[in-house]
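Reader: I have a structure open and would like to learn how to read it. Where do we begin?

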Amino acid sequence: MALTQEHIQLRLTEKFGDLVSNFESPYGMLSFEAAKDQNLKVLQFLYDEADLDFQFLTDLTAVNYPDKPGRELAVVYHLHNLKENVRIRLTVYTDIATPDIFTASKLFSSANWMERETYDFFGINFVGHENLKRILNVDEMDYFPLRKEYPLEDQTRIDKDDQMFGRG
Amino acid sequence: MTEHHQHHIKLPEGSIEKQTTTLNVGPTHPATHGVFQNIMELDGEQIISTEQTVGYIHRAFEKLAERRPLYQITTLTDRLNYCSSPINNMGWHLTCEKLLGVQTPKRVDYLRIIIMELSRISDHLICNSIMGVDTGAYTGFMYIMQYRELIYEIYEEICGSRLTTNIGRIGGFERNFTNTAFEKLEKFLKEYPAALRELENLFTRNRIFMERTKGTGPISAARALNYGFTGPNLRAAGVDYDVRVHSPYSSYEDFDFKVPVGTTGDSYDRFLVRNEEMWQSLSIINQAYQKVQEFKGAEAEVFHADVPAYYLPKKEDVYTKMEALIWHFKIVMGEVDMPKGEVYHSVEGGNGELGFYLISDGGRTPFRLHFRRPSFIYYQAYPEMVVGGMLSDAIVVMSSLNLIAGELDA
């Protein structure tokens, strides 16, 4: 029996109730949200259950939404069931003041560096990660550059007239 | 014969036993073939532990992309895996097309497949011949480079550049393939099989090569999956996951090809898988070329989809017509807002699943763009693959993984 999105949603809501929400299917990929402290439990459930079998972590990254108070940072997991060839997307929101998310690196070895990269650029503190240090940026850096509060160009530059560059 | 006297260096007891050496392989080292570092702890020649350092050519592509309209991002993707830029370019264009809901004509799909498979060949032949270099056979590498040149000449004919190609447009290609391009393709298809056969003969049953690569850097299928391996490295471990088959894009479903797999996931299997993939790519190119030739009349002239809001106008029109000039400017500067949405799209890159996670908030540039870079993800497994082995084997494992610094760092 093919694994349908309805089935995944049903199994998740049966197990987690209100802690999983916002089921959508943009561009054909089932996307949903889990409560902040439930991320590892949901990942483990998706990994362990024989009928779900999401054992391949395709991608892990974060997004900064400065306009969503209390939900400024989102950690996004792309999971893949290789046998049934079904992909899903799990998002976990956290506030920017205490960006603590449980690490998935015990479950997926691949999460190790991806979490380090996410920490490096967004400052997500992956609780339980064994070696959570910067990976691409220099160790001395004291900010998280992919957060939206850091504009791409140095805003104090006066030699460039923004209006001339269509950026006014 | 005079008696041979051997002089022993007298070292105090305990001064050399249990001592280890720290060796820096990289950041710039002939064996890394790119800028990244390994800090290895050695006991004699045996590796006790190793730690990788990456990020030496980090260029903040994801941050840059947040200020760039779609076409300005294509040039960033060139510089990920720069051995197969066209796959990255087309992966990006396909992601944009998915977001914008653009349907490409079949002929465009087939032309794209020709280019993508050519770049897969150029990627794999570098990796395999470099493995030869690292095991002491320089000749194969120097010889096969001539054939990569033939591929680069085809790129040149189509888009004007060679390494960082910036090939194609959203919806298709900037211009139709010229007859010269097809002639060059035919020349390549005619001459390359013999050269590949020779390269294969040089290594596949070569005693020295086999002894250097068999059993080195093995990884089991379960560990490889847990480490997020994709592409030839995963297939060498025995898992037949291929994005071209599992999530076909650009009409790959119309083609008949095999997905070669290995068994032990060692350097030798990785070599064999890449080698066989080159034959499969050749077969795909032949099929695609045949399909392209079957288009007749007006259909044979189609090289892009009809998406005026995103497809750049013809260059001669830009120079002569006001309207075309305006649209050219609007598209390049991103004056056309994208639809809102969240898209993940992946293609089978030279090294595995190259994914683009694009979030658009409806503005002129992506709100967030993340590249899933296969090299970055599978390089984590390197210590597990080489610890306990010899230093010289670790070098071969590194080249057999095909680590591309541009893709590690983004």
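Predicted model: local features only at pLDDT ≥ 70, side-chain atom pairs only at ≥ 80, totals over all residues.

Reader: How do I describe two packed helices?

Author: Two packed helices are described by the angle between their axes and the distance between the axes. Take helix α4 of chain B, residues 106-134, and helix α11 of chain B, residues 267-294. Their axes are 9 Å apart, at an angle of about 155°.

Reader: What does that angle say about the directions of α4(B) and α11(B)?

Author: Angles over 145 degrees count as roughly antiparallel. Therefore α4(B) and α11(B) are roughly antiparallel to each other. The crossing of α4(B) past α11(B) is left-handed. Now sort the residues of this contact by class: 16 are nonpolar, 4 polar and 6 charged.

Reader: How does α4(B) pack with α5(B)?

Author: Helix α5 of chain B covers residues 138-159. The axes of α4(B) and α5(B) come within 9 Å and cross at roughly 165°. That makes the two helices, α4(B) and α5(B), roughly antiparallel. Here too, the crossing is left-handed.

Reader: Which residues make the contact of α4(B) with α5(B)?

Author: From α4(B), they include B:L118, B:I121, B:L125 and B:S129. From α5(B), they include B:F141, B:I144, B:R148 and B:I151. An α-helix has 3.6 residues a turn, so residues three or four places apart point the same way. By class, this contact of α4(B) with α5(B) has 11 nonpolar, 4 polar and 1 charged residues.

Reader: Now a helix in chain A. How do I check the length of α3(A)?

Author: Compare the expected span with the distance between the ends. At 1.5 Å a residue, the 12 residues of α3(A) should span 16 Å. The end C-alpha atoms of α3(A) are 15 Å apart, which agrees.

Reader: How many residues of α3(A) are buried?

Author: A residue is buried if 20 or more other C-beta atoms lie within 10 Å of its own. In α3(A), 12 of the 12 residues are buried, so the helix is largely enclosed by the rest of the structure. Among them are A:W113, A:E115, A:R116 and A:F122.

Reader: What covers the buried residues of α3(A)?

Author: The cover includes β3, β4 (73-81) and β7 (125-127) of chain A. It also includes α14 (374-378) of chain B.

Reader: How many residues of chain A are in contact with chain B?

Author: There are 27 from chain A, in contact with 31 residues of chain B. On the chain A side, β3 (56-64) and α3 (111-122) each supply at least two residues. The most come from β3(A), which gives 6 residues. By class, the chain A side has 15 nonpolar, 10 polar and 2 charged residues.

Reader: Back to phi. Which residue other than glycine has a positive phi near 50°?

Author: B:S250 does. B:S250 sits in the loop between α10 (243-246) and α11 of chain B. B:N166 is not a glycine either, and has a positive phi of about 50°. B:N166 is in the loop between α5 and α6 (179-203) of chain B.

Reader: Is B:S250 buried or exposed?

Author: Count the neighbours. B:S250 has 22 other C-beta atoms within 10 Å, so B:S250 is buried. B:N166 has 18 other C-beta atoms within 10 Å, so B:N166 is partly exposed.

Methods:
Residues numbered from 1 in each chain as written. Chains lettered and ligands numbered in written order. Axes fitted to C-alpha atoms, helices over the stretch in contact; angles between N-to-C directions. Helix = DSSP H or I, 4+ residues; strand = E, 2+ residues; numbered from the N terminus. Parallel < 35°, antiparallel > 145°, perpendicular 65-115°, else oblique. Left-handed = near helix turned anticlockwise from the far one by under 90°. Nonpolar A, V, L, I, M, F, W, Y, C, P; charged D, E, K, R; others polar. Contact = placed C-beta atoms within 7 Å. Expected span 1.5 Å × (residues − 1).
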